[in-house]
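Here is a short tour for anyone who likes to check geometry before setting up a calculation. Please keep the viewer open while you read.

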Amino acid sequence: MSNKLNNFIHEKIAPNFEKGGKFESLWSVYDSFHTFLFVPRQTAGRKGVQVHDSVDSKRVIIMVILALVPALLVGCWNVGLQHDRALGIDDGWFMQFLYGFVAFLPKVVVSYVVGLGIEMAVAAYKREEVAEGFLATGLLIPMIVPVNTPLWMIAVATAFSVIFAKEIFGGTGMNIFNPALITRAFLFFAYPKAMSGDAVFVRTGSALCDSPIEGTQVVDGFSGATPLAAVADNTFNPETFSTFDAFIGTIPGSIAETSTAAILLGALLLLVTKVASWRIMLSVFAGGAVMSAIVGAFSENAPTVAQQLCLGGFAFAAVFMATDPVTGCRTNTGKFIYGCFIGVMAIIIRMYNTGYPEGAMMAVLLGNAVAPLIDHYVVETNINKRAKRIKA
């Protein structure tokens, strides 16, 4: 059935978008949807034997999106849970999830409309294929920002990220920094009060922000401190938030960062399908654990090692951000160094920079900046070793 549909589209619909067709200017848009639904017919070359499978970059991106689903579902539920706890009520898990999902949905729509709109416009102008990378980026952006981030801020930051962190470098596969993290960084530096990461939002009852579900109780201007806010102020009490709560995801925080258990489920899928590098994941956690132990030895109020790895966006950064194949290291040895660097820097920023309690995302951007340098020296070291063996 799928083959017949593909043949029908290729023979009847495709000519309208090809050169000389009625909708020639929309070829990039047509191509993006067609290759999303079907494996492209193009092969690597016209001569010789070509062996290939159905796995291409779009299929890889779809796998990443599937891996994000557990963290997304638990995160939406936790938004409603924190709201109910603030009011001292219990609407049940379904209403809690629905509350969080309705609050989250508009941000996804804005992210995709702005980001994909810009990418399609650029692709149409260049008459190139629409890059598939934003399929994942568009979902990551609203997951790593506070739930109360205004839609216009997300639109501005997304546009900035796509234009200046991606397209200006040549598009997907050419960008130096992770576009989703550039969005978060732009929001933090442009609107620090809204993006400080030191408070969790519970939807207010003002005219500007009504409850998304009819009949839901609301409070005015409530926000509760997150564990990372206490870490930044050096007032963290390890007994306030249990490690179990941080692992399951029943603590305040952005949608992506609350449930380490859900994040690890996504990590398992990425590792089984070999989409993400286990070397980077392992080394990020290892570097973070070692640095957490060192910091804990000199501070009475520091979180435990387990809490450091579960709090904030550390686990999410290790699984979904650091493993980005475009902005990370390519050599196997470089991946270990790159991951350890991110893990160590995340804890250092978190513990000693009171103005930016969430250090994981900034640590990944620093890792993106040094990744080419790491790979360069790894390759040079291997070349020198081989040269010495030849001389010997």
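What does the accessible surface of the chain come to, and what share of that surface belongs to carbon and sulfur atoms? The accessible surface is about 19,400 Å², and carbon and sulfur atoms hold 65% of that area. Areas here come from the Shrake-Rupley method with a 1.4 Å probe, and for residues only the protein chains shown count as cover.

A word on conventions: this is a predicted model, in which local features need pLDDT of at least 70 and side-chain atom pairs count only at pLDDT 80 or more, while totals for chains, interfaces and linings use all residues. Residues are numbered from 1 along each chain as its sequence is written, and side-chain values use heavy atoms, with hydrogens and water left out.

**Overall picture**

The chain has 16 helices and two strands; these are DSSP runs numbered from the N terminus, with helices (H or I) of at least four residues and strands (E) of at least two. Of the 392 residues in the chain, 48% are buried. Buried means under 20% relative accessible area, exposed means over 50%, and partly exposed lies in between (1.4 Å probe, protein chains only). Among contacts in the chain with a separation of 6 or more, 71% join residues 24 or more positions apart, where a contact means heavy atoms within 4.5 Å.

**The salt bridge**

The structure holds one salt bridge, defined as a side-chain nitrogen of Lys or Arg within 4 Å of a carboxyl oxygen of Asp or Glu. Its partners are Glu119 and Lys166, at 2.6 Å from N to O. The pair links distant parts of the chain, 47 residues apart: Glu119 sits in helix 4 (residues 93–126) and Lys166 in the loop between helix 6 and helix 7. Glu119 counts as buried because its relative accessible area is 2%, and Lys166 is buried with a value of 2%.

**A nonpolar patch**

Phe160, Ile163, Phe164, Ile168, Phe169, Met174 and Ile176 form a nonpolar patch on the surface, with about 630 Å² of accessible area together. Patches take residues with over 30% relative accessible area and no salt bridge, joining like charges within 9 Å and nonpolar side chains (Val, Leu, Ile, Met, Phe, Trp, Tyr) within 5 Å. Ile176 belongs to the loop between helix 6 (151–164) and helix 7 (179–190).

| Residue | Relative accessible area | Class |
|---|---|---|
| Ile176 | 35% | partly exposed |
| Lys274 | 75% | exposed |
| Ser254 | 7% | buried |
| Ser283 | 3% | buried |

Ser283 lies in helix 12 (residues 278–297). Its side chain reaches the backbone oxygen of Arg279 at 2.7 Å, and a polar atom of that Ser283 side chain lies 3.4 Å from the backbone oxygen of Lys335. Leaving aside neighbours within four places in sequence, Ser283 is in contact with Lys335, Phe336, Gly339 and Cys340.

Helix 15 (residues 332–352) has 21 residues and reaches 31 Å from its first C-alpha to its last, close to the 30 Å expected at 1.5 Å a residue; the expected span is 1.5 Å times one less than the number of residues. Its buried residues include Lys335, Tyr338, Gly339, Ile342 and Ala346.

**Two loop residues**

Lys274 is in the loop between helix 11 (260–272) and helix 12, and its phi is near 60 degrees, a positive value in a residue other than glycine. Ser254 is found in the loop between helix 10 (243–248) and helix 11. Beyond its neighbours within four places in sequence, Ser254 is in contact with Met143, Ile144, Val145, Pro146 and Arg184.

Notes:
A polar contact is a pair of N or O atoms within 3.5 Å; within protein, one must be able to donate a hydrogen and the other to accept it, and residues adjacent in sequence count only if both atoms are side-chain atoms.
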